[in-house]
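Here are some notes for a colleague opening this structure for the first time. Please keep the sequence and the 3D view side by side while reading.

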Amino acid sequence: MIILKNAEQIECMKAAGRITGEALAAAGEAVKPGISTYELDTIIRKYIEKCGARPSFLGYDGFPGSACISVNDQVIHGIPSRETVLKDGDIVKIDVGAYYRGYHGDSANTFPVGNVSEEAQRLIDVTRESFYRGVSAIKKGARIGDIGSAIDSHVKENGFSVVRRYIGHGVGKELHEDPEVPNFGTPGRGPRLYSGMVIAIEPMVNAGSYEVKELKDGWTVVTCDGSLSAHYEHTVAITSNGVILMTDVSQSKI
Ligand code: MG
Ligand code: MG
């Protein structure tokens, strides 16, 4: 069941979104060769707690970190670790959630570590662009399939592939709510988009094949062919006077 949010609830969610976005930005600024993913996780936890919020992912189904931090061919759900130290040329995905006054925010970004290859930078750029293509598909009368189709076609045009096994979702009092928001789809199909819907749009894009697998740690998802993967996510609110990127620190309306 899709739970629509009224104006007051969307205002509340903006606070959770802002904390999420700021925690992610703080971690992004700290990304450099030599830092461990555990240290990045600590920056995120401390920032969220300082705001009086709680990391949404900490303890989620037993997840041990405050954020999911995934390097290179790791797609999502990487476990922060003292042993995972970033090196020049890596790309790192940081996925953050904050729970504040009854609502969640959910956002992810991919950061280059030092100097990265041209292909890695292009993967990061195309992934971010595909998110904005998806957002642009949100129009009166549009459906969920329009978002996914816009994302997938931009990714395909650039020779990369969209992960199919993991998708976006509604966000609210629960971190994962209806509807499902795939990063692929058929225009005009799927649930209709209504004002009051708050959804996480989160393309996960592989440089090679879209196939992924979960490692034995029960969390980390990697590409099957070892190719690089990038991720970009914002919690997005659809309102009667525009689309708001709730986890963007500027909370710009589109
Ligand atoms: Mg996320
Ligand atoms: Mg999400």
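1. **Helices α1 and α2.** Start with helix α1 (residues 7–30) and helix α2 (residues 37–50): their axes come within 9 Å and cross at roughly 150°. That makes α1 roughly antiparallel to α2, because angles over 145 degrees count as such. The crossing of α1 past α2 is right-handed. From α1, the contact is made by I19, E22, A23, A26, A27 and A30. From α2 come L40, I43, I44, Y47 and I48. Keep in mind throughout that this is a predicted model.

2. **Helices α3 and α4.** Now turn to another helix pair. The axes of α3 and α4 come within 8 Å, and the crossing angle is roughly 150°. α3 and α4 are therefore roughly antiparallel to each other. Their crossing is right-handed. On the α3 side the contact involves V126, E129, S130, R133 and G134. On the α4 side it involves I147, A150, I151, H154 and V155.

3. **The largest core.** Which residues have the most contacts inside the largest nonpolar core? They are I138, I147, L193, I199, I201 and V236, in a core of 28 residues. Several elements each supply at least two residues: α3 (118–136), α4 (144–157), β9 (198–201), β14 (234–239) and β15 (242–245). The largest share, six residues, comes from α3. A second, separate core has 24 residues, including V31, Y100, F111 and V113. As a general background, nonpolar side chains tend to be buried together in soluble globular proteins.

4. **I199 up close.** Pick out I199, one of the residues with the most contacts inside the largest core. Set aside its neighbours within four places in sequence. I199 is then in contact with I147, H169, G170, V171, P179, V181, H234, T235, V236 and I238.

5. **Magnesium ion, ligand 2.** The magnesium ion (ligand 2) is coordinated by D106 (OD), H169 (NE2), E202 (OE) and E233 (OE), at 2.1 to 2.2 Å. Its donors follow the spacing D-x62-H-x32-E-x30-E. E202 lies in the loop between β9 and β10 (204–206), and E233 in the loop between β13 and β14, so this pair ties together parts that are 31 residues apart in sequence. E202 counts as buried, at 6% relative accessibility.

6. **The bridge.** What separation do the magnesium ion (ligand 1) and the magnesium ion (ligand 2) have? They lie 3.2 Å apart, and D106 bridges them.

7. L175 is in the loop between β7 (168–170) and β8 (177–181). Is L175 buried or exposed? At 5% relative accessibility, L175 counts as buried. L175 and D106 are 69 residues apart in sequence, but 7.6 Å apart in space, C-alpha to C-alpha. Not counting residues up to four places away in sequence, L175 touches S56, F57, Y60, H104, G105, D106, H169 and G170.

8. **Backbone points to check.** A cis peptide bond joins D178 and P179, with omega about 5°. P179 is in strand β8. N72 is not a glycine, yet has a positive phi of about 55°. N72 lies in the loop between β2 (67–71) and β3 (74–76), and counts as buried at 18% relative accessibility. R101 also has a positive phi, near 45°, and is a residue other than glycine. R101 is in the loop between β4 and β5 (103–112). At 64% relative accessibility, R101 counts as exposed.

Note on methods:
Residues numbered from 1 in each chain as written. Chains lettered and ligands numbered in written order. Predicted model: local features only at pLDDT ≥ 70, side-chain atom pairs only at ≥ 80, totals over all residues. Heavy atoms only, no water. Core = buried A, V, L, I, M, F, W, Y, C linked by side-chain atoms within 4.5 Å. Buried < 20%, exposed > 50% of the residue type's maximum accessible area, 1.4 Å probe, protein only. Helix = DSSP H or I, 4+ residues; strand = E, 2+ residues; numbered from the N terminus. Contact = heavy atoms within 4.5 Å. Donors = N, O, S within 2.8 Å, 3.2 Å for Na, K, Ca; no water. Axes fitted to C-alpha atoms, helices over the stretch in contact; angles between N-to-C directions. Parallel < 35°, antiparallel > 145°, perpendicular 65-115°, else oblique. Left-handed = near helix turned anticlockwise from the far one by under 90°.
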